[in-house]
Amino acid sequence: MKKIVILGATSGIAVEVERVLARQGNELLLVGRSVQRLAELQADLLIRGAKSVATYAADLASIQQHAVVFDFVRRILPGYDTVLLAYGSMRDQKESETSVDVLLDELQVNFVSATAILTLVAADLEQRRTGCIAAITSVAGDRGRRSNYIYGSAKGALSLFLQGLRSRLHPAGVRVITIKPGPVQTSMTDPMPNSARFADPEQVARDIVRALERRSPDVLYTPRIWRYIMSGVRQIPETIFKRLSF
Amino acid sequence: MPGQSATALRKQTAALPPTTQILSWGRYPKTAHAKVHRPAWNDQVPEILQTAAPDSLLPYGLGRSYGDSCLNAGRELIDCKRLNRILGFDELSGMLRCEGGVSLSDIIDVFLPKGWFLPVTPGTRFVTVGGAIANDVHGKNHHCAGTFGSHVRQIALHRSSDGLVACSSNENADMLRATIGGLGLTGVIAWADIQLKRVAGPWIDADLVPFQSLSSFLDLSRESDGRFEYTVAWLDCFSGKNLRGIFFRGNHAANSGKEFHSKRGPKMPFALPAWMLNRYSVKAFNNTYYRLHARKTGATVLPYDSFFYPLDSIRQWNLLYGKRGFLQYQCVIPETNLAAVVELLDRIARSGMGSFLGVLKQFGSAPSAGMLSFPRPGLTIALDFAMRGERTLQLMQSLDEIVKQSGGALYPAKDARMSPALFEASFPRWRSFVPYIDPKMSSSFWRRVTGAH
């Protein structure tokens with residue numbers, strides 16, 4: 001039995017992860033923006049077997065709210081052992097290229113705010129010398145591509161942040177997992193072409209929960225095939241890669 | 001027509017703006033949609049309804065309707081699969097509140113371990129609650145329990161003009177009756193209250209009896225109705241006048257304490273080449289099926305899933321029928337007209353085109369809960385036909401004549417081709433349903449059988 005905090009609890013992948021965790025009878029604390037959606041999730045997860053479900057409505061993109069959120073977490077679920085950061089934003093690439101406001105928003109949501117809240121969590125767990133931090137980044141962060149490099153660079157930067165954090169927290173026995181999903185069928189990817197062929201979020205959720213339970217890996221690619229695809233993609237020389245239009 | 005329509009369709013799809021191909025279970029007709037909305041939360045539905053053009057939308061669940069009643073060719077669908085949260089459950093009364101996209105499979109997984117089961121279940125567990133209501137589905141317990149809709153106590157319906165409308169027997173009762181069996185045309189079901197049923201466990205006391213004539217089927221059916229909650233018969237559709245089949249009947253078993261493991265069956269990896277299903281292979285299959293079951297007749301204890309959902313054990317079994325897909329023919333014929341049943345089965349046997357999934361069931365006399373519900377007193381027959389072009393359609397048209405003259409009806413959830421005249425004969429009061437249709441909703445089926453825009 002675990003005590004798990006989910007940041008961005010109403011995201012498409014998070015809701016599937018929560019179902020698996022609920023069936024196992026875990027204790028959950030959900031943070032998301034919409035009171036209404038959190039209430040619907042809470043009812044659902046309790047009936048599906050969660051031992052307890054607490055919710056807190058806050059916009060995590062706004063760093064001013066982090067202290068209050070984190071206070072709530074420590075008060076309501078003391079001794080929490082896992083934090084999963086699952087929120088993110090993928091706006092249209094063209095829009096992020098042409099508007100600096102949109103660009104900064106994307107970086108704020110996907111990178112800046114994520115590192116801010118995880119820094120609070122890391123300090124607490126480091127002191128308690130236990131626990132696990134997991135964050136959903138993306139295969140898009142493994143290489144900058146013409147069609148998606150704003151989102152990709154924010155997620156890639158988050159992956160680097162987690163890499164360093166992992167090394168820092170290792171002596172304290174705190175685990176840090178970088179979760180890199182390939183394209184998954186969720187509301188975030190619906191506008192993309194061929195989204196019907198993307199991975200099933202239920203399968204991705206099962207992979208994530210398995211990674212939370214085990215001692216390895218440090219970096220999870222899900223579905224697994226993306227580990228091999230991305231190791232190939234990373235090998236392509238830049239002189240060739242810059243000519244590719246995907 | 002189908003030969004030529006395949007190319008015509010390809011041209012038509014090419015001419016349309018970016019499209020998504022979504023098929024129904026029969027994989028016929030092949031339709032392209034202009035857009036598929038995928039709301040993840042009920043609070044997103046009103047905006048979809050408000051911004052849509054008139055007659056442009058249709059809710060879509062798991063796509064287990066066989067024909068075109070869940071399709072909206074050239075227009076838009078609202079895929080409700082992500083609206084799948086369970087919102088409440090009363091442990092004492094068994095009243096469940098869940099969103100429209102929750103599947104019956106999910107309900108079983110969550111509530112059977114707590115000792116509750118579906119009040120009515122169709123032959124597959126992979127349908128949504130919204131779909132079960134919209135088609136007012138029936139099951140093997142129709143003679144005791146009526147249709148699915150009669151166990152729905154309340155719904156909340158997203159309507160494009162009136163927002164979220166609560167419907168129950170006390171409030172907007174006519175809108176509830178329109179939505180049950182209303183083919184998704186009255187709006188999007190946000191959530192529904194369904195009365196679950198107490199059961200002792202996952203086991204069924206089943207009994208298998210072979211029969212060799214229509215009258216022995218009827219004797220069996222009448223004799224079983226009082227003693228068995230569930231009855232249905234498998235029919236060898238090649239037997240014609242020398243009708244034969246296997247009668248399945250059962251009750252929920254007292255808890256045996258035996259451990260239950262549900263199995264995840266194999267999956268059809270691709271569409272089977274069409275030539276593999278022919279009159280000889282199917283005849284051989286039916287023969288073997290009959291002999292195997294005739295040998296193990298008598299009482300036996302079965303897990304609920306193999307009793308209720310034998311076909312679900314092969315995922316995507318619809319691919320057995322090849323790329324062109326198949327049509328199902330499900331009709332009901334009044335018992336005063338048994339000659340029509342015999343004629344129908346004889347016509348199918350002589351055509352040599354029938355397939356292995358013949359089902360025969362006697363409906364009970366309970367009135368259905370919806371305005372356009374299909375179940376009514378009589379014998380219902382369901383048969384699959386692989387799509388082989390014009391001759392398949394011609395055979396089905398000749399069956400239509402028999403059904404129409406007998407005073408029977410055809411089931412919209414299974415249909416991809418009935419004529420407006422047969423629809424009129426099957427549902428003579430459909431015009432009184434029209435005022436309840438949401439102005440933003442339409443479907444391929446509805447336009448085809450009523451001539452609506």
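How many residues of domain 1 of chain B are in contact with domain 2 of chain B? The structure is a predicted model, in which local features need pLDDT of at least 70 and side-chain atom pairs count only at pLDDT 80 or more, while totals for chains, interfaces and linings use all residues. Residues are numbered from 1 along each chain as its sequence is written, and chains are lettered from A in the order in which they are written, with ligands numbered from 1 in that order.

The domain assignment of chain B, from an automatic or database source, gives domain 1 (2–78 + 443–450), domain 2 (86–199 + 429–436) and domain 3 (203–423). To return to the opening question, 16 residues of domain 1 of chain B are in contact (C-beta atoms, placed from the backbone, within 7 Å) with 18 residues of domain 2 of chain B. On the domain 1 side, α2(B) supplies the largest share, 4 residues. This side divides into 9 nonpolar, 6 polar and 1 charged residues; Ala, Val, Leu, Ile, Met, Phe, Trp, Tyr, Cys and Pro count as nonpolar, Asp, Glu, Lys and Arg as charged, and the others, Gly among them, as polar.

Turning to chain A, the axes (lines fitted to C-alpha atoms, for helices over the stretch in contact, with angles from 0 to 180 degrees between N-to-C directions) of helix α5 (residues 100–128) and helix α6 (residues 149–169) come within 9 Å and cross at roughly 10 degrees. Helices here are DSSP runs (H or I, at least four residues), numbered from the N terminus. The crossing angle makes α5(A) roughly parallel to α6(A), a term for angles under 35 degrees.

Note on methods: Helices (H or I, at least four residues) and strands (E, at least two) are DSSP runs, numbered from the N terminus. Angles under 35 degrees count as roughly parallel, over 145 as roughly antiparallel, 65 to 115 as roughly perpendicular and the rest as oblique. Two residues are in contact if their C-beta atoms, placed from the backbone, lie within 7 Å.
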